[in-house]
Protein chains: 4
Amino acid sequence: MSAAAALDRSDPEGAIAAAAARCSNWDRWGPDDVKGTLNLITDEHRRRAAALVRRGATFSLAQPFDMDGPQRGWRRRTNPVHTMLDTGTEAELGIQGFPHGLGGADDVIAMPLQCSTQWDGLGHIFDHGRAWNGRPAGQVVTSAGDGVTGIETVAADLVGRAVLLDVGRALGVDVAGQGGELPDGFAITPEHLDATVEAQGPTSSVGPGDILVVRTGQYGRTLREGWGEYAGGPAPGLSFTTADWLHEHDVAAVATDTWGFEVRPNEFDVAFQPLHQVVIPNMGLFVGEMWDLEELAADCAADRRYEFLLVAAPLPVTGAVGAPLNPVALK
Amino acid sequence: MSAAAALDRSDPEGAIAAAAARCSNWDRWGPDDVKGTLNLITDEHRRRAAALVRRGATFSLAQPFDMDGPQRGWRRRTNPVHTMLDTGTEAELGIQGFPHGLGGADDVIAMPLQCSTQWDGLGHIFDHGRAWNGRPAGQVVTSAGDGVTGIETVAADLVGRAVLLDVGRALGVDVAGQGGELPDGFAITPEHLDATVEAQGPTSSVGPGDILVVRTGQYGRTLREGWGEYAGGPAPGLSFTTADWLHEHDVAAVATDTWGFEVRPNEFDVAFQPLHQVVIPNMGLFVGEMWDLEELAADCAADRRYEFLLVAAPLPVTGAVGAPLNPVALK
Amino acid sequence: MSAAAALDRSDPEGAIAAAAARCSNWDRWGPDDVKGTLNLITDEHRRRAAALVRRGATFSLAQPFDMDGPQRGWRRRTNPVHTMLDTGTEAELGIQGFPHGLGGADDVIAMPLQCSTQWDGLGHIFDHGRAWNGRPAGQVVTSAGDGVTGIETVAADLVGRAVLLDVGRALGVDVAGQGGELPDGFAITPEHLDATVEAQGPTSSVGPGDILVVRTGQYGRTLREGWGEYAGGPAPGLSFTTADWLHEHDVAAVATDTWGFEVRPNEFDVAFQPLHQVVIPNMGLFVGEMWDLEELAADCAADRRYEFLLVAAPLPVTGAVGAPLNPVALK
Amino acid sequence: MSAAAALDRSDPEGAIAAAAARCSNWDRWGPDDVKGTLNLITDEHRRRAAALVRRGATFSLAQPFDMDGPQRGWRRRTNPVHTMLDTGTEAELGIQGFPHGLGGADDVIAMPLQCSTQWDGLGHIFDHGRAWNGRPAGQVVTSAGDGVTGIETVAADLVGRAVLLDVGRALGVDVAGQGGELPDGFAITPEHLDATVEAQGPTSSVGPGDILVVRTGQYGRTLREGWGEYAGGPAPGLSFTTADWLHEHDVAAVATDTWGFEVRPNEFDVAFQPLHQVVIPNMGLFVGEMWDLEELAADCAADRRYEFLLVAAPLPVTGAVGAPLNPVALK
């Protein structure tokens, strides 16, 4: 019986609760833990990850941060507004008041922390009022921010071996010669993940402490066709049924090239991001969203090496429940 | 004759122009170049840098991003204002309207891009109306941002071998058992840099393509004593006379633990950041400021290894003249 | 010959230049003037305006300031993002740290100054590089804001007798029993203004120093049907040919219920807000946009009195080229 | 026995509770009320207020909104950050891309709603977890803002007869020929208010529905001497003992020229804004802070008329617990 078949669509709350119970990591790293699955990345793991660097090639996995982004206002999420405090125009005109010909430009930004390439921190999602490790949500995240699991607590942790599972290329259709892509609504099941591992070969094995990076190809499509409903609309993504797979493989984090990491529409008739609800507060998993995997994926397809050193350090905004970043892959 | 003695304080504009002429890299990488000294970092250089990782230890070199920062309003620079769009308090009370017990928290930030740990991009500073590579400043940075050398153009570049020169420890005074520190106004000359290299031993040699990281110890002092005038006030830092040293060693970038990288008060009677004026628009050098080097420096002092893989990818805000980041050192 | 017929569509730049020349008020109030047509409002004028208040009824003419607004990102204009620094939820839980049962809530906003109900200040629009009164635009508005005609210079001036010309009701179609409305693209000509004055009766005469308030009904339609393309799309509005009418009547300011005050698409084949180009930098006229005139218009229709005291004081943001406000009509 | 003597400093919580009980207006205007004491302003009251306008003179009572303000970061309150999206410099250079010589400038602001001249809305302060009219604070103000008494609910209400009580001039010392001023820590008691009414003469009587405007002179001092600790530091202001006076006189609102309206340090040994705690959630009183009364006060002193029409319409940010504004007095 396939995992998808195992999904009981008639009882979403029960299914979520059951998955949460199966996949819970509460107390696994003690009652005071604030790092969740990042505990699975050890120095030794990182040492071996660094040894994967053969060519010294780097890939930025960040999408742009600007007003041309996909946000449309849902829950007050806007695209980043970047403005200048000083410009070169004024410097060229010599009206800035600095001595000896010095001129300068400065800038400012206002943005939601989850407007573009980001990590969901452990304080981003709650399950029945509980945050990661069972804490009452109201004792973790108030108007003052996340006082317990704020993203700054993992400022140095999101570094390690990562594996790209390019499901879009392995199982999708190559619409425009840019590598394959999955259609919206495509639910990536455990079987799909395993098939991709097998198709990609031995550099793609996923084990404890690894950071799983899943490419659907949807972002590449937006580069051709415009954002459309990228932010919150239909999308390929991980099936609810992958919760156990993620748990069994003990991945340290997972990131995708979509807005919301899991398939949309969600697989229950009435639901909102049920996989988030299982993996963030219960499993303690860090989830990356809106990553740009196009260039990296093309490179992996070319050299058939899907593992690399990933340095994905979040901007350490104190108390943030999510954080923008510029993830860098080194091969 | 010491370099400091060589500084002609009677003619700042002339001294700046002379240093700019000596250290200029205009056209070195062609008329269309937007990366400046980052051209000096090659894949092979990065490959060797990755091979420096022996233990897999990671160090975040970012200061916190929050309202408890040092900014006091100079040129409209504030500390980051982080606010919540949703909180765990409301999730716990069950008033968010999501199904099946899901709750969420989201957040927003407004901040100058140079409020905390940052890279100065090539569009940040101009010399007599000219930006990097000789371009008219007004054709590079307008109210729409830096359309030529915006920080996104180097999103994948700031990765390589870095060397920590802990001048504070080598030449300063250990006030509080936290490693040595230099007094405000201390100008770090080429001789001081060389003396530190020598004191630290063979892992500290600095060559083409390396990222130079200089610790003065001033940030450590603010951790004990509060920010004081950290943002713009007196500080230890690189002497104007190090421009030639940086140029001759062909460093790819330089970063310090101070607000402004160069010594303050500046060494000319009337001046404002004259070393910036030489190195950014003329040399094409990326300058990092407000880095937290305390933990890394203690580790380097302990294992006597001052070289490491540095992944210092800026948040790629389109058109930004500077960018916040979370630099990560791997040893 | 109608005014619309007089519009030479073959030469927009020439037509704009000619209208600008005919309607220019440069130097009318001296070379140092910063108030433009607001000079036409005298204390005596305001005294008589206050005498128009018969019932003491007040009407707020502001649209809401929130994320449900019409902005779609054009020129980085977003809707207002309002977030809380503290909430009642935390106060109720007693976790704020104030003594004796005190609790508090605070909030923050980030918004373009022209996102909702607003005045265009004199620094908002330029004509061939010239700002109001002939000043070079670059000497008026830099990255530091409008150093000459910033909105704070008229903080106490936008008060006086106003006349509502409800063109939507007089000449439009009453689609939904909410008063008439004009279709998108309807250009309100001088003849339409005169016809509305006549239809409304003697309280509608417009003379020197009066503030003209023109209702098209478009905003009312958005209340029924959603914003659609309200921000920048097709709209009814003043014809380019009204420039002379506004000048001859010596109005002190003009405001409408549309995004851009003038008809859209603009009346020349290739043009962008040509009436703005004539009236703001050349005539020195303050232009109000995105006002909510629905309730006031219904009241005026009911009592057949279209004149009132208008207090339309802009939020005095130093150096602003436009400003949000809450205009109040007293009848 | 003086009111000050009546203040029991040994039991702040008890004193606050007793004053709250004496001055409560809960249910006075029904269980659904959201306007508090603004119910006391009637159309007839406003009609008579308009009749006070004799000269047509206007006075803006707003302080500037800019980075040179007094905020120092307390509870994340910054000064307003105003930046430009487009400038005249670019318009003059003709690099904006508009046709026919059109140029434009646009701007953006990020600011706390209580950073400068403001009204405290009814959702700003709570007493033991209760908001105005007895509602649980958490059911009124969440991260989404004030869903019940948001400032937009009174967008048209804050208009009426106002009386300036220039306590600074009547009872203070004229330090610099700018009108008298009270020293920091000066608690204005009911006796001081009555003495000022008497000294100013018959135009100063305060009755139901009036807006009370109290000048201490502290703001004028900051104009001479700089902000100092204006935001949150020692200040003259209303004594806790004026709660009953305000209640007995049935004022509709009260505003002052200080940061916090009430005297600071607060009159109890351990306390934080106890008068706020009584008057906002219990009395339902709107409190204005950081008003600029200097020019108006000089005018009132000159013509001996202290009553005027006040139009003090808040910027109607949906759900705001406070709001910036530009109050206008007409005399």
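1. Val254(C) sits opposite Val287(C) of S14(C). The pairing behind this is between strand S13 (residues 253-256) and strand S14 (residues 286-289) of chain C, parallel over three bridges. Strands here are DSSP runs (E, at least two residues), helices likewise (H or I, at least four), numbered from the N terminus. Strands pair if DSSP finds at least two bridges between them.

2. This is a predicted model: local features need pLDDT of at least 70, side-chain atom pairs count only at pLDDT 80 or more, and totals for chains, interfaces and linings use all residues. Residues are numbered from 1 along each chain as its sequence is written, chains are lettered from A and ligands numbered from 1 in the order in which they are written, and side-chain values use heavy atoms, with hydrogens and water left out.

3. S13(C) and S14(C) belong to an open sheet of nine strands with mixed pairing, ordered S1-S17-S15-S9-S11-S13-S14-S5-S16 in chain C. At the edges stand S1 (58-60) and S16 (322-324) of chain C; each has a single partner strand, so one side of each has no neighbour in the sheet. On average, neighbouring strands are turned by 25 degrees against each other, direction ignored.

4. Helix H6 (residues 190-200) of chain C lies across S9 (159-166) and S11 (211-215) of chain C. H6(C) runs at about 95 degrees to S9(C). Axes are lines fitted to C-alpha atoms, for helices over the stretch in contact; angles run from 0 to 180 degrees between N-to-C directions.

5. Helices H2 (residues 12-23) and H9 (residues 274-283) of chain C pack at about 30 degrees, axes 9 Å apart. H2(C) and H9(C) are therefore roughly parallel (angles under 35 degrees). The contact (heavy atoms within 4.5 Å) involves Ile16(C), Ala19(C), Ala20(C) and Cys23(C) of H2(C), with Pro274(C), Gln277(C), Val278(C), Asn282(C) and Met283(C) of H9(C). Seven of these residues are nonpolar, two polar and none charged.

6. Now the copies. Chain B superposes on chain D by a rotation of 180 degrees with 0.0 Å of shift along the axis, RMSD 0.0 Å. The two are thus related as by a two-fold rotation axis. Superposition is by least squares on C-alpha atoms of residues with pLDDT of at least 70 in both copies. Of the interface residues of chain B, 100% are also interface residues in chain D, so the copies meet through the same surface.

7. Chain D superposes on chain C by a rotation of 180 degrees, with 0.0 Å of shift along the axis and RMSD 0.0 Å. In chain D, the C-alpha nearest this axis is that of Ala110(D), at 2.0 Å.

Terms used
Parallel < 35°, antiparallel > 145°, perpendicular 65-115°, else oblique. Nonpolar A, V, L, I, M, F, W, Y, C, P; charged D, E, K, R; others polar.
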